[in-house]
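Visitor: I have a structure open and would like to learn how to read it. Could you walk me through it?

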Amino acid sequence: MTGRSDRVAAARIFREEAEREGFSRVGIARAQEPPGFARFSDWIASGRNAGMRYLERTAGVRSSPENLLAGARSVVCLAAAHRTAPLTAADGSRIARYAAGPDYHGTLRDRATRAARAAAERIGDGIRWRVCVDSTPIAERSFAAAAGLGWIGKNGCLIDRELGSWLLLAEIVTDVDLPPDEPVAEMCGSCSRCLESCPTDAFVAEGILDANRCLAYWTIEHRGAIPDDVKPAIAENVFGCDICQEVCPWNEPRRLRLGQPPHPHEWERGGNAGLPTRAQWLSMGPGEWRRRFGATALNRAGRRGVQRRIDGHHHSAVDEAFEDILDLDLELVGQVFDRHAFSERDELRDRRRRLLRRRSGRSGPSGPRRFWRRGASTGPGCLDGTTRDLCGSQEIDRIAREILRE
Ligand code: B12
Ligand code: SF4
Ligand code: SF4
């Protein structure tokens, strides 16, 4: 495909198929380092990524779609509107709006994949493409801004004049040389509401936040115990934080043009009435969690994770050890970071489960299985008399080595 008219026609086809799949905005960027990306390297160099080490490992590839698809020429940037009404339970505890409904990692990937497949069939010529959503190492906001989907606000979020920042992003990287769109003008002006409203003063500059101070980091990404000085700041934010978006004038309901997302999930259909209160979160067992939240974005934190955010003291040596093992799994997944990143993670989790089951079978009733149980009920004490920390870390080291050997 070399002619200008062919390229324009191909861009139109991508746009039509993406809109058919319910994406609210579609734009095209060149598959080259987007403007402003230098901020990312500075951010990592200053340690603003907190415990998200996968961002360090992938820092070198986030601006180069060529690493995801050899011969990449264009990035078709997609934005999907998500829920705009707050998710507040009867006791005032809150869930970030983006987490409403089925996990967007799966739904957006499916929608973008269908759009790309349909476009490829229509365009022909054996074009190649690859879909990215969130966990794929690509600078989504920077490419979206370059593709004219919106501007990067002082709160760091991509904002559209009609949809605000209540958007989730996805991309189709392709080897078709599509005509790029123009970026839109920045529209924050002299406003600084978001910078002033952040409860933890997390913004170190306009558009740049320090994840070490961001509640979204602590409630979504962090594994293990919550530090004492962070606990009071979390307050009613059980999962994620929408504060710097709620105060944004571009998100005022009267300004927004599009309504609810196309696939409401059972627990949001009833509005806020169905949301668990803190007490209900704390008493929720694994079965109810799986049924209600297993397929939502909340599963990133997990049941124990959510419970720990609510009650900083509600964790045992066992919980922490399992969270640490999960971290190791995520590390491994980070090394893989291909298009199957999420299924890989599930697979790693399964492997870990199988491994633990096998270990318990091998070791008999006084073996490690019992250690986990005893650890849970007795707190600091461990079977072999070592301290909780030492015992936990030895166990984790052993299991990690076995996972790596498998
Ligand atoms: C790590 C991560 C986080 C971290 C760090 C966030 C951060 N601000 O850096 C934490 C856990 C804190 C987080 C929180 C949230 N996240 Co997040 N997160 C990511 C992830 C995986 C990587 C982001 C990253 O690399 N951060 C490092 C910074 C330095 O890079 P950046 O955010 O891309 O910012 C770039 C541009 O903004 C650019 N830039 C900044 N200012 C300017 C100005 C100009 C003029 C230009 C040209 C460029 C520019 O420079 C940066 C470097 O490229 C992306 C998915 C992805 N693959 O990109 C989702 C993503 C950014 N997150 C998303 C969401 C929804 C959220 C939350 C709203 C969730 C919530 N409600 O709790 C909050 C928002 C917090 C906030 N105000 O930013 C969406 C953003 C959608 C949107 N409308 O912008 C993304 C794109 C996921 C997705 N697929 O939709 N997140
Ligand atoms: S998400 Fe919350 S804690 Fe993080 S920067 Fe925005 S307001 Fe601050
Ligand atoms: S609150 Fe104001 S400064 Fe912050 S992103 Fe919105 S318009 Fe920009």
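We begin with a pair of helices and then turn to the ligands.

Guide: This is a predicted model, in which local features need pLDDT of at least 70, side-chain atom pairs count only at pLDDT 80 or more, and totals for chains, interfaces and linings use all residues. Residues are numbered from 1 along each chain as its sequence is written, while chains are lettered from A and ligands numbered from 1 in the order in which they are written.

Visitor: At what angle do helix H1 and helix H4 pack?

Guide: Two packed helices are described by the angle between their axes and the distance between the axes. Here H1 (residues 4–20) and H4 (residues 104–123) pack at about 145°, with axes 8 Å apart. Axes are lines fitted to C-alpha atoms over the stretch in contact, and angles run from 0 to 180 degrees between N-to-C directions. Helices are DSSP runs (H or I, at least four residues), numbered from the N terminus.

Visitor: Which residues in H1 and H4 meet?

Guide: Contact requires C-beta atoms, placed from the backbone, within 7 Å. Among them, Phe-14 and Glu-17 in H1 and Ala-115 and Arg-122 in H4 take part.

Visitor: Which residues surround ligand 2?

Guide: A residue is near a molecule if its C-beta atom, placed from the backbone, lies within 6 Å of it. The shell around ligand 2 includes Cys-198, Cys-214, Cys-241 and Cys-244. Helix H7 (215–221) and helix H9 (243–246) each give two or more residues to that shell.

Visitor: And which residues come nearest to ligand 1?

Guide: Of the 39 residues around ligand 1, Gly-36, Ala-96, Gly-207, Ala-216 and Gly-240 come nearest. H7 supplies at least two residues of this shell.

Methods: Contact = placed C-beta atoms within 7 Å.
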